[in-house]
Amino acid sequence: MTVRALFAEDMLLGRLVTGIGRSPKAVVAAVVCVILLFAAIAGPYLTPQDPYDLAVLDILDAKLPPGSESMGGLVYWLGTDGQGRDMFSAMIYGLRTSLGVGVFSGIVALIVGTVLGLTAAYFGGRIDTLIMRVVDLMLGFPTILVALMLLALLGQGLWKVIFALILVQWATFARAVRSAALVEKNKDYVEAAVTLGISTPRILIGHILPNCLPPLIVIGMLQVANAISAEATLSFLGIGLPITEPSLGLLIANGYQLLMSGEYWISVYPGVLLLVLVFSINIVGDRLREVLNPRLGER
Amino acid sequence: MTVFVIRRFLQSIAVLAVTAVIVFIGIYAIGDPAEMLISPDASQAERAQVVASLGLDKPLWEQFFTFAWNALHGDLGRSFVFNRPSIALIFERLPATLELTLTGLVFALILGIPLGLLSGLKPNSATDEVIMTGSIFGFSLPSFWQGMMLIMIFSVWLGWLPSTGRGQVGEFLGIHSSLFTLDGLKHLILPAINLSLFKLSLVIRLTRTGVRETMPLDFVKFARAKGLSEKRIVFVHVFKNILIPLITVIGLELGSMLAFAVVTETIFAWPGIGKLLIDSIMRLDRPVVVAYLLVIVSLFIFINFVVDVLYSLVDPRVRLGGAQ
């Protein structure tokens, strides 16, 4: 398959790209997403200092307003925090953590949800009932409550937060995959595949799954945005990531105490970055929903 | 119908029991509260006495049965910090949380329904585009950050509204609430806006979808043919139809607002159960955390149960589907 064929109108990727291209708002949001993703991956090469290397920090540089210059000639375009850390560098590192946690937990939840959703739809009967009962139970509780409960019990930690985020997300994927797969299951091509003697796992993964992808992509985007927001909220409350893994939420929480005394930049800039990140992912996700399935409905 | 209600009720009880076990076992992973509460220079005898008085020296299963037995009698232990029954602490602060949640819900409805109507009646217009983008913005804005900005703008810069506490609490018909004093109302405005913003986006989207689905239906065409004014069609006939899904979702969202109040209460130092939870987690005040989780889960299961039963009354297919 050539690259050109991959982007053709009738291919999934082609539909996605042309769909985004027709909405200027979505194009801007998609470009912002790509830039932020790049900044997160290339982080250490873009930042003027390593914000967590204590040797380069100088307490005399603490709480400098944006645009001021350090003793060493380094310009702090976004100011410094209470420990004399360059805010721009700290934010890029925070972005790495936030995006990493959000995307990783989103992908794992997607895999777990897809496997369980496909299993429920294909085998039906008791397995279906059991899985869907658990899904209904999970979706009955709000995300933040389950995450709060779990972290209140487990305590802080990177992997605990990721675990909590996966636990609250997988059910959404499972339900979407199941309903998409139930429709596909009764179509002629599946019957043809069964008649040809193709094994069940191959039918599920090779034939049914690709046709369930559109809703998965949309939900995946929106869930990543949700996960980033939820992680920031938990970290802000002080029960999410520990101080050794500073995400954007934690940066905002640190600056919160200084907000009242006028040092706004320490919490406002990380907040703006977090907002831009979540907002642009949501805009792209919302656009994809309109493109891929006009009948999916809005929530 | 009776069978359905009983089945649902038993399921709710089972969920509550499972939650109680998980909460109890999990809470032991947090740390050793004896370490927190006994001063480092206490003698060995003093330590042993405190541990015994709190029942921390008994085996885990024995502690659990004592806990379960007491819980059934409405006793969820005494707070280590306040040295008072934890359930009393929760119920003392519950009214503040309910007041905040309900005000937030009212805000979301009185703003969200008109905006949703506006955007649903003229789909793809400039107004629609602005409102819909605004609603994405609304649920992208992390609640805690939006609260901070409200404080910064309205309390720090403009100095119009207070940013912390509940203010003066008035009494009316025996109910104590901030709603009855001017000072209390001033304190309530910012937290209520903060809590409502997320739900506002949801209400806008639900209303818009409802309007767009209802407008092309035959009964609307018929009403037009009859010569009814557009105002009457929208506000009487269409409106009735979009209220049904709206009420269902609002019922469920009330629980999620109770949970989200944790964030709002922490930012605005609102003395409700959410702030109590966060404070108790920080102080390792185990009985209060347990009591909060059980009370909020019970509330939640109760709301879900009521919504399910109401829904099955409106739509019998739910009940028949559940019986299969």
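Chain A contains 12 helices and 2 strands, where helices (H or I, at least four residues) and strands (E, at least two) are DSSP runs numbered from the N terminus. This is a predicted model, in which local features need pLDDT of at least 70 and side-chain atom pairs count only at pLDDT 80 or more, while totals for chains, interfaces and linings use all residues. Residues are numbered from 1 along each chain as its sequence is written, and chains are lettered from A and ligands numbered from 1 in the order in which they are written.

Along the sequence, the elements of chain A follow the pattern α-α-α-α-β-β-α-α-α-α-α-α-α-α. Chain A has 299 residues, of which 45% count as buried; a residue is buried if 20 or more other C-beta atoms lie within 10 Å of its own, exposed if 12 or fewer, and partly exposed in between, with C-beta atoms placed from the backbone. Among contacts in chain A between residues at least 6 apart in sequence, those joining residues at least 24 apart make up 69%. Two residues are in contact if their C-beta atoms, placed from the backbone, lie within 7 Å.

Chain B is divided into domain 1 (2–72) and domain 2 (93–314), with bounds that come from an automatic or database domain assignment. Between these domains, 16 residues of domain 1 of chain B are in contact with 14 residues of domain 2 of chain B. On the side of domain 1 that touches domain 2, α1 (2–27) and α2 (33–37) of chain B each supply at least two residues. α1(B) gives the most to this side, with 12 residues. By class, this side of domain 1 has 12 nonpolar, 3 polar and 1 charged residues. Here Ala, Val, Leu, Ile, Met, Phe, Trp, Tyr, Cys and Pro count as nonpolar, Asp, Glu, Lys and Arg as charged, and the others, Gly among them, as polar.

Within chain B, Met132(B) has its place in helix α6. Met132(B) counts as buried because it has 21 C-beta neighbours inside 10 Å. Met132(B) lies 72 residues from Ile204(B) in sequence, and their C-alpha atoms are 8.1 Å apart in space.

Between the chains, 35 residues of chain B are in contact with 38 residues of chain A. The elements of chain B that each supply at least two residues of the side touching chain A are α1, α6 (126–140), α7 (143–157), α8 (182–214), α10 (230–268), α11 (273–282) and α12 (286–314). α10(B) gives the most to that side, with 7 residues. By class, the side of chain B that touches chain A has 25 nonpolar, 9 polar and 1 charged residues.
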